[in-house]
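Dear colleague,

Please find below the structure that I am handing over to you.

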Amino acid sequence: MMAKAKKTSGITRRDVLTGAAVAGAAVVMTSLPLSSAEAVPVPQKWDQTFDVVVIGSGYAGLAAAVEAHDAGASVVVLDKAAIVGGNSAIASGGYNCADPERQKPQNIEDSPDLHYQQTLAGGDFRGDPAKVRYYADHALDGVHWLEKLGVVFEPKVYTIVGALHPRSHDPIKNGRGGAIIAVLKKQLDQRKVQIRLNCAVTGIVRQEPLAGEVLGVQVKEKNNVLHIQAKRGVVIATGGFGADVAFRSKYAPQYDEKLPTTNVPWATGEVLTYAQDIGADVSGMDFIQLLVACNYFTKKYGDIANLGIDHAIFVNLNGKRFVAEDARRDILSGSTLAQPEKVYLWVADDRAGKRYSPERTKMSLDKGLCFTAPTLEELAKILEEKLKVPSAEFLATVKRYNEMVASGKDNDFGKKGINLKAIEQGPFWASPTQAGVHHTMGGLRTKPDTAQVLDRNGVIIPRLYAAGEVTGGVHGTNRLGGNATGDCIVFGRLAGQTVVKETPRT
Ligand SMILES: Cc1cc2nc3c(=O)[nH]c(=O)nc-3n(C[C@H](O)[C@H](O)[C@H](O)COP(=O)(O)OP(=O)(O)OC[C@H]3O[C@@H](n4cnc5c(N)ncnc54)[C@H](O)[C@@H]3O)c2cc1C
């Protein structure tokens with residue numbers, strides 16, 4: 001049945017606007033004002049046909065594509081960027097799950113139940129309990145699946161910033177999030193599943209704007225408008241909208257253009273609007289996470305020396321500590337925004353300095369974006385010179401912290417014993433750091449055990465699936481560090497497994 005939406009030529013007003021914005025991956029792509037929203041009509045003919053169309057080539061999209069292919073479907077992955085992987089490709093790749101094989105030898109108590117409870121509580125109980133349950137129960141299986149495909153995780157787990165418990169798995173030796181993307185891409189290459197880059201989805205085609213099945217997508221590729229049919233279904237895996245200032249400040253006006261972001265420029269929200277055009281519901285759109293992870297001088301995520309939280313403290317420009325370094329991410333970013341110049345110094349000893357990407361730390365050092373010195377006194381001198389941090393205050397703060405480590409209790413801010421480790425082994429490090437928009441916890445509402453997209457009445461939109469950061473429901477108001485990788489892999493796989501169960505349309 002033909003849709004009733006207005007269309008006078010092959011190109012809608014939205015095609016033109018979006019097409020201009022997608023003229024290259026380097027361009028910052030913003031979503032359109034709601035006034036231009038219109039459902040895409042059913043085309044007279046389809047240009048191409050696959051069983052499953054996956055939109056987005058991050059963790060969630062590639063996981064869905066592998067699963068859908070392996071269950072027998074023909075699959076295409078579409079991405080508007082010029083490179084594969086979205087935010088996943090630049091992410092740290094920390095992946096949370098209870099994992100007895102790794103945690104027992106480290107004497108760490110854990111279980112899917114504890115992970116479930118901490119995820120819900122960490123998000124102020126605003127996540128969907130059924131969805132969090134599915135996630136916590138399937139997260140370990142996701143690690144094993146990735147390992148089987150070729151991802152190598154470190155033998156030991158740790159607590160990534162804001163994770164609240166030592167269950168973060170790190171593919172650090174192999175390039176972090178990029179290592180997971182490289183493995184998934186290789187798997188798709190071996191299966192001859194096409195990942196089409198510079199191919200922007202500009203609308204989702206449903207039989208009627210607010211009724212019937214989803215039939216496929218409209219794309220803009222090399223200045224051509226094409227319609228791609230999905231005989232079994234469409235999987236939306238377009239990630240978050242952290243880099244989309246117009247879109248994010250619609251929901252959280254305080255996060256305007258003055259805030260930096262850790263995201264790739266193409267982390268934008270237009271596909272959420274297209275899904276809403278055909279009736280999809282969203283939840284938690286104003287739950288937006290800031291991470292204290294942008295360099296003070298350049299405002300870029302890639303320029304920080306990530307120094308961990310155990311042999312490390314956060315110190316403000318007055319040389320004072322101001323927060324428990326293992327607190328929730330919203331507390332870390334909120335307290336940082338309240339410091340002079342909204343900046344803190346991430347101060348660590350060499351054990352922490354070595355944990356995360358020594359190459360990145362060296363690069364940051366070479367560019368003068370962080371500092372190191374063989375002794376604390378010499379580091380204090382540098383910080384006084386460069387940033388006017390009073391050295392006596394700074395040295396007194398480190399001394400007091402070390403004394404509290406020795407006593408086993410952080411009387412000032414309550415950092416947990418497990419993370420309370422001294423800053424005493426040189427060389428010492430300091431990285432001036434700021435908060436930036438990092439993760440958007442809200443998004444499409446999906447059915448927890450199938451990844452089907454729900455409409456505003458809670459009814460399934462037939463043949464429409466979604467996974468990853470484009471969805472809401474797992475993280476509530478505050479995502480635990482390390483919980484997104486698992487969210488994307490678990491629900492990406494689920495979307496791929498369930499979409500193939502649809503009977504192909506003839
Ligand atoms: C710097 C950084 C570090 C992080 N580190 C961690 C970590 O250690 N642990 C953790 O749990 N989480 C981490 N996260 C969060 C986590 O990595 C992300 O939530 C996750 O990568 C999102 O994956 P995704 O598959 O949902 O989307 P993405 O990986 O962002 O992929 C979405 C893709 O969709 C494409 N797309 C968007 N719109 C369109 C369109 N209209 N047409 C076609 N394609 C489109 C985009 O181009 C993009 O390639 C980090 C995030 C960042 C930014």
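**Domains and their interface**

The C-alpha centres of domain 1 and domain 2 lie 33 Å apart. These two parts come from the domain assignment of the protein, which gives domain 1 as 1-22 + 30-287 + 441-506 and domain 2 as 290-437; such bounds are taken from an automatic or database domain assignment. Please note that this is a predicted model, in which local features need pLDDT of at least 70 and side-chain atom pairs count only at pLDDT 80 or more, while totals for chains, interfaces and linings use all residues. Residues are numbered from 1 along each chain as its sequence is written, and side-chain values use heavy atoms, with hydrogens and water left out.

The area buried between domain 1 and domain 2 is about 2100 Å², buried area being the accessible area (1.4 Å probe) that two parts lose on being put together, summed over both. Carbon and sulfur atoms give 59% of this area. Of the area that domain 1 buries against domain 2, Val 161, Pro 260 and Thr 262 supply 29%, more than any other three residues.

Between the two domains the count is one salt bridge, that is, a side-chain nitrogen of Lys or Arg within 4 Å of a carboxyl oxygen of Asp or Glu. Arg 328 forms a salt bridge with Asp 124, and their closest N and O atoms are 3.0 Å apart.

On the side of domain 1 that touches domain 2, ten residues are nonpolar, twelve polar and five charged. In this division, Ala, Val, Leu, Ile, Met, Phe, Trp, Tyr, Cys and Pro count as nonpolar, Asp, Glu, Lys and Arg as charged, and the others, Gly among them, as polar.

**Cysteines**

A disulfide is a pair of cysteine sulfur atoms within 2.5 Å, and by this rule the count comes to zero disulfides. Cys 97 is in no disulfide, and the nearest cysteine sulfur, that of Cys 488, is 14 Å away. Cys 97 counts as buried because its relative accessibility is 1%, the limit for buried being under 20% relative accessible area (exposed is over 50%, partly exposed in between; 1.4 Å probe, protein chains only). Cys 488, at 9% relative accessibility, also counts as buried.

Yours sincerely
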